[in-house]
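Subject: Structure handover

Hello,

Here is the structure for your files. Please look through it first; my notes on what was found follow below.

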Amino acid sequence: MVVAAEAAAAAAAEAEAAAALFSEVQVSHQRHYDGVVFPPILSPNRDFPLKCGTDLSSFLEAIEAHKPWLESRLREAGAILFRGFPVGSASDFERVVEAFGFEEFPYVGGIGLRSKVLDRIVTASDAPPHLKIPFHHEMAHAIEFPSKLIFFCEVKPSSGGETPIALSHVIYQRMKERHPEFVQQLDDHGLVYSRFLVEDDDTSSAFGRGWKSMLATDDKTVAEQRAAEKGMKLEWLEDGVRTTMGPLPATRFDRIRQRQVWFNSMIGSYTGPSDPRNDPTKCVMFGDGRYLPADIVYDCQKILEEESVAIPWEDGDVLLVDNWAVLHARRSFVPPRRVLASLCK
């Protein structure tokens, strides 16, 4: 009892100290689940310049000084949006990523088009502006995936271009209520993901990454080795390669939060853009090879839209996402828009 009381007192003191620097902002787009705001928006408190100054280093010091508190907020809410801090460039953003102290997750095996900007920084997506990117957990189609994502808005869109987010446990609960037999089939059989890839990137597609960039090599032997490490099967064909992942779980147990979550890329694969090489409805199937029922897949997409939060980007925004807890997407937009990302273990 004494230890618990001391821990509670320490947590209260930490929260009070953090509140002197970080102020919570409310906007109409946020949602509330069980009394928790999703996502919390943290901005500089009026005391922030007095205590820390107004340059980037002050923000970095605040992150490092209050990391346990920020991580507890992330565990509670699943995502945090930092707004109004002096983050203005890719190099600034990389320093923010390093201040959090999360280890880098190499982007090998992902199908989305991205360009490397700095050592730990990539573009969030190079997909054409008119395309939407459906809801997904980052690299849920692979046996290894990042635990955290950090996004940064360097240039806000003229219009559109939000990054909608949704809580995975809420989606699981709603799918379990609406389609219990379907969820049971997913739990019994998992999902298999399959795509045909050409050698080089196809910049006209949201999922147009070629096998050379996806596996970071132009050597087929090395590609085979790296694919095997990722649990990916390769079938070499005359004009490319067919990749197969799985069966993989479609739902997982979040041990940190002690709850079941909807953890997959079913919607991203099934409703993603088609191309001459890939029929999206055949890019994801039950683990036993059966096709997914379209009506239920599209109902899941509807549920995701209903439960999502899409806060318009502002220049300098930093969005910290727990990939275990939250799915994300991208809406189409009118340029310019430049959103960068860092994947973390």
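Two strands are said to pair if DSSP finds at least two bridges between them. Helices (H or I, at least four residues) and strands (E, at least two) are DSSP runs, numbered from the N terminus. This is a predicted model, in which local features need pLDDT of at least 70 and side-chain atom pairs count only at pLDDT 80 or more, while totals for chains, interfaces and linings use all residues. Residues are numbered from 1 along each chain as its sequence is written, and side-chain values use heavy atoms, with hydrogens and water left out.

The sheet

Strands of a sheet pair through backbone hydrogen bonds, either parallel or antiparallel. Here, eight strands form an open sheet in the order 1-4-5-18-9-21-7-6, and the pairing is mixed. Strand 1 (22-25) and strand 6 (116-118) are the edge strands, each pairing on one side only. On average, neighbouring strands of this sheet are turned by 30 degrees against each other, direction ignored. Axes are lines fitted to C-alpha atoms, for helices over the stretch in contact, and angles run from 0 to 180 degrees between N-to-C directions.

Helix 4 (residues 67-77) packs on the sheet and touches strand 1, strand 4 (41-44), strand 5 (79-82), strand 9 and strand 18; contact means heavy atoms within 4.5 Å. The direction of helix 4 makes about 125 degrees with that of strand 5.

Strand 9 (residues 148-155) has six of its eight residues buried, so it is largely enclosed by the rest of the structure. Buried means under 20% relative accessible area, exposed over 50%, and partly exposed in between (1.4 Å probe, protein chains only). Strand 9 pairs with strand 21 (residues 338-344) in the antiparallel sense over seven bridges, and Lys148 stands opposite Cys344 there. Strand 9 also runs antiparallel to strand 18 (residues 318-322), joined by five bridges; Ile150 has Leu320 as its bridge partner. Strand 21 in turn pairs with strand 7 (residues 121-123), antiparallel over two bridges, with Val122 opposite Ala341.

Cysteines

How many disulfides are there? The count comes to zero, a disulfide being a pair of cysteine sulfur atoms within 2.5 Å. The sulfur of Cys153 has its closest cysteine sulfur in Cys344, 18 Å away, which is too far for a bond. Cys153 is buried at 0% relative accessibility, and Cys344 is buried with a relative accessible area of 0%.

Helices 6 and 7

Helix 6 (residues 168-178) packs against helix 7 (residues 180-189) at an angle of about 115 degrees, with the axes 5 Å apart. Helix 6 contributes Tyr172, Met175, Lys176, Glu177 and Arg178 to the contact, and helix 7 contributes Pro180, Phe182, Val183 and Asp187. By class, these are five nonpolar, no polar and four charged residues. Ala, Val, Leu, Ile, Met, Phe, Trp, Tyr, Cys and Pro count as nonpolar, Asp, Glu, Lys and Arg as charged, and the others, Gly among them, as polar.

His179 lies in the loop between these two helices and counts as buried at 16% relative accessibility. Leaving aside neighbours within four places in sequence, His179 is in contact with Ile296 and Asp299. His179 and Asp299 are 120 residues apart in sequence and 9.5 Å apart in space, C-alpha to C-alpha. Their side chains are joined by a polar contact of 2.7 Å. A polar contact is a pair of N or O atoms within 3.5 Å; within protein, one must be able to donate a hydrogen and the other to accept it, and residues adjacent in sequence count only if both atoms are side-chain atoms.

Regards
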